[in-house]
Amino acid sequence: MATRDIYESGFDEDVRTESSANQCPECDGQVTTNAVETVCEDCGLVIDEQRIDHGPEWRAYDDEECERTGAPLTAARHDRGLSTEIGRGTDAKGNEISGQKRRRLARMRREQTRGRWRSKAERNLAHGLGEVRRLASALELSDSVRDQACQLFRSAQNEDLLRGRSIEAIAAASVYGACRCNGLSRLVDDVSEMARLAESRVTNAYKTLNEELGLPAEPVSPSMFVPRLASDLECPDEIRQRARALAEQAEERGVTTGVHPAGFAAACLYKAGREEGRWLTQSEAADVANASKATVRAHRDTLEERVA
């Protein structure tokens, strides 16, 4: 048989005929399927189209197998995590490389570092985001709060709020602002201590962010600090619940307006501990709240006068 006859009597591999069970729903005609669509040969009805699966070609049963897609985009880095990092001592398979290749990689790494930032603003952004990541890790914040703080720092740079201010102060204020927006019990003292800055600088930077960007930050209440301080003092659940009730009653009666929230929470824990027979000292309560013993005593007297 000639080759021409074989091709003339052959069939199209892209077209396949469906079984008799899959017939046209309109005319019960013959249905054929190619790489694009499923149509009826009698009436021309298009039953299905775009049969190509546009999803990933691999099947993963856990997160560790999804490595071919690369790292996800993140707001925590100046380039959204799309830059390439040059390795140091091993190749892709983990084998040691020779000294000549290590020197070559060192030169390539140096040139990549020089050309990584296209402008001084991008260099400042990379430095600021690195400081935000460091503070978020030191304060044990979640990834979502860290990303919000990084996005807040980006917004501050876009609004030209870094001019005349310290990058570290704006980064610390961004972390504190993200904590305030998410209702986390973090004080300016905690953030400034981790940032190794004066509290006044962080406070002024946060005021600037709050005024210029309009942060949706809610007022900090003493009841938010009770669980954290109770955990630091290793108080039982009875004392924690009683202190939380005292703080909420004081908030309802307007006693906590303008007070130091952590100091007032420490006074609630001190009073609740005395009621339960646990001799919690004023010094212990004041230390965990970063307040003075006089503040704890004053708030304790207010609780005894205004709150049952």
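Contact here means heavy atoms within 4.5 Å. The structure is a predicted model, in which local features need pLDDT of at least 70 and side-chain atom pairs count only at pLDDT 80 or more, while totals for chains, interfaces and linings use all residues. Residues are numbered from 1 along each chain as its sequence is written, and side-chain values use heavy atoms, with hydrogens and water left out.

The protein has twelve helices and four strands; these are DSSP runs numbered from the N terminus, with helices being H or I of at least four residues and strands E of at least two. Of the 308 residues in the protein, 34% are buried. Buried means under 20% relative accessible area and exposed over 50%, with partly exposed in between (1.4 Å probe, protein chains only). The accessible surface comes to about 19,400 Å², and carbon and sulfur atoms hold 44% of that area; accessible areas were computed by the Shrake-Rupley method with a 1.4 Å probe, and for residues only the protein chains shown count as cover. Among contacts with a separation of 6 or more, 58% are between residues 24 or more positions apart.

An unreviewed UniProt entry carries the annotation "binding site" at Cys 24, Cys 27, Cys 40 and Cys 43. These four residues are spread over 20 residues of sequence but cluster in space, with a largest C-alpha distance of 8.7 Å. UniProt positions are given in the numbering used here, feature names are shortened, and annotations may be inferred rather than shown by experiment.

Two of the annotated cysteines were examined in turn. Cys 24 lies in the loop between β1 (16-17) and β2 (31-33), whereas Cys 43 is in the loop between β3 (37-40) and β4 (46-49). With a relative accessible area of 1%, Cys 24 is buried; Cys 43, at 43% relative accessibility, is partly exposed. Not counting residues up to four places away in sequence, Cys 43 touches Cys 24 and Cys 27.

A search of the whole structure finds zero disulfides, a disulfide being a pair of cysteine sulfur atoms within 2.5 Å. For Cys 43, the closest cysteine sulfur is that of Cys 27 at 3.6 Å, which is too far for a bond. Elsewhere in the chain, Cys 268 is buried, at 0% relative accessibility.

The search for aromatic pairs over the whole structure returns one. In this pair the ring centres of Tyr 176 and Tyr 206 are 4.9 Å apart and the planes stand at 80°, so the arrangement is edge-to-face. Rings of Phe, Tyr and Trp (its six-membered ring) pair if their centres lie within 6.5 Å, and planes under 30 degrees apart count as stacked, over 60 as edge-to-face and the rest as tilted. The pair links distant parts of the chain, with Tyr 176 in helix α5 (residues 167-181) and Tyr 206, 30 residues apart from it, in helix α7 (residues 199-213). Both Tyr 176 and Tyr 206 are buried.

Leu 105 is located in helix α2 (residues 99-114) and is partly exposed, at 21% relative accessibility. Leaving out residues up to four places away in sequence, Leu 105 touches Ile 86, Gly 87, Arg 88 and Ile 97. Arg 88 is 17 residues from Leu 105 along the chain, and the C-alpha atoms of the two are separated by 7.0 Å.

Ser 223 is in the loop between α7 and α8 (226-233). This serine is buried, with a relative accessible area of 7%. Apart from neighbours within four places in sequence, Ser 223 is in contact with Arg 244, Ala 247, Glu 248 and Glu 251.

Backbone geometry was also considered. Most residues other than glycine have a negative phi. Glu 140, in contrast, has a positive phi near 60°. Glu 140 lies in the loop between α3 (120-138) and α4 (143-158) and is exposed, with a relative accessible area of 69%. Phi of Asp 160 is likewise positive and near 60°. Asp 160 is placed in the loop between α4 and α5 and is partly exposed, at a relative accessible area of 43%.
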